[in-house]
Amino acid sequence: MIELTDQVGADRLDQLMELFAGQWWTAGRRRDEVEDMLRGSSLVFALIDTSIDRLVGFARVITDGVYLAMVLDVIVPEDRRGTGLGRTLLDSIINHPQVGSVRSVELICQPNLVPFYQRWGFTDQVGQSRLMRRTSDSVLTS
């Protein structure tokens, strides 16, 4: 049984760190920074497999509630991909009142994931807009 919750408590932080360790863009995150990140996120979406008491999906959103919602860190462990967990996360995000009412919902993904996100109306056709980044994280520069 999969349960959706809106928080990652201290009892699940180690499991979140394991999820992060398995992704190229989150592998180097430190626990104290992740705790700050969770507090600073507008919305948190966590999927728990209650049959094994395990965190099996995560995403978060930063939003102003009017103009923009940014979906970040959508993660499902590799061995659970293709089981509907990603769909559960995205359905929950898109249908959340604080996200569904904003004018623009945005995310950044790798090219191979574009077809997945297109199912919720996301497009990579964004006119002349370009992603720009200023970062001190060398993982994010390549």
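Leaving aside neighbours within four places in sequence, with which residues is leucine 90 in contact?

## Basis of the description

This is a predicted model, in which local features need pLDDT of at least 70 and side-chain atom pairs count only at pLDDT 80 or more, while totals for chains, interfaces and linings use all residues. Residues are numbered from 1 along each chain as its sequence is written, and side-chain values use heavy atoms, with hydrogens and water left out.

## The nonpolar cores

Leucine 90, once its neighbours within four places in sequence are set aside, is in contact (heavy atoms within 4.5 Å) with Val74, Phe116, Tyr117, Trp120 and Phe122. Leu90 also belongs to the largest nonpolar core, which has 21 residues, and there it is listed with Val61, Val74, Leu89, Ile93 and Tyr117 as having the most contacts inside the core. A nonpolar core is here a set of buried Ala, Val, Leu, Ile, Met, Phe, Trp, Tyr and Cys residues joined through side-chain atoms within 4.5 Å, where buried means under 20% relative accessible area, exposed over 50%, and partly exposed in between, with a 1.4 Å probe and protein chains only.

The elements that give two or more residues to this core are strand 2, strand 3, strand 4, helix 3 (85-94) and helix 5 (114-118), and helix 3 gives the most, with four residues. Helices (H or I, at least four residues) and strands (E, at least two) are DSSP runs, numbered from the N terminus.

Five strands form an open sheet in the order 1-2-3-4-5, with mixed pairing; two strands pair if DSSP finds at least two bridges between them. Strand 1 (2-5) and strand 5 (104-107) are the edge strands, each pairing on one side only, and the twist averages 20° from one strand to the next. Strand 2 (residues 43-49) and strand 3 (residues 54-63) run antiparallel and are joined by seven bridges, with aspartate 49 standing opposite arginine 54 in strand 3.

## Helix packing

Helix 1 (residues 13-21) lies across strand 3 and strand 4 (68-75), running at about 80° to strand 3. Axes are lines fitted to C-alpha atoms, for helices over the stretch in contact, and angles run from 0 to 180 degrees between N-to-C directions. The axes of helix 1 and helix 2 (residues 31-40) come within 11 Å and cross at roughly 105°, which makes helix 1 roughly perpendicular to helix 2, a term that covers angles of 65 to 115 degrees.

Leu13, Asp14, Leu16, Met17 and Phe20 of helix 1 make this contact with Arg31, Val34, Glu35, Met37 and Leu38 of helix 2. By class, the contact has seven nonpolar, no polar and three charged residues, where Ala, Val, Leu, Ile, Met, Phe, Trp, Tyr, Cys and Pro count as nonpolar, Asp, Glu, Lys and Arg as charged, and the others, Gly among them, as polar.

Aspartate 53, in the loop between strand 2 and strand 3, has a positive phi of about 50° although it is not a glycine, and counts as partly exposed at 46% relative accessibility. Serine 51 is found in the loop between strand 2 and strand 3 and is exposed, with a relative accessible area of 57%; its C-alpha atom is separated by 6.1 Å from that of methionine 1, 50 residues apart along the chain.

Aspartate 73, in strand 4, has a positive phi of about 55° although it is not a glycine, and this residue is buried, with a relative accessible area of 7%.

How values were computed:
Angles under 35 degrees count as roughly parallel, over 145 as roughly antiparallel, 65 to 115 as roughly perpendicular and the rest as oblique.
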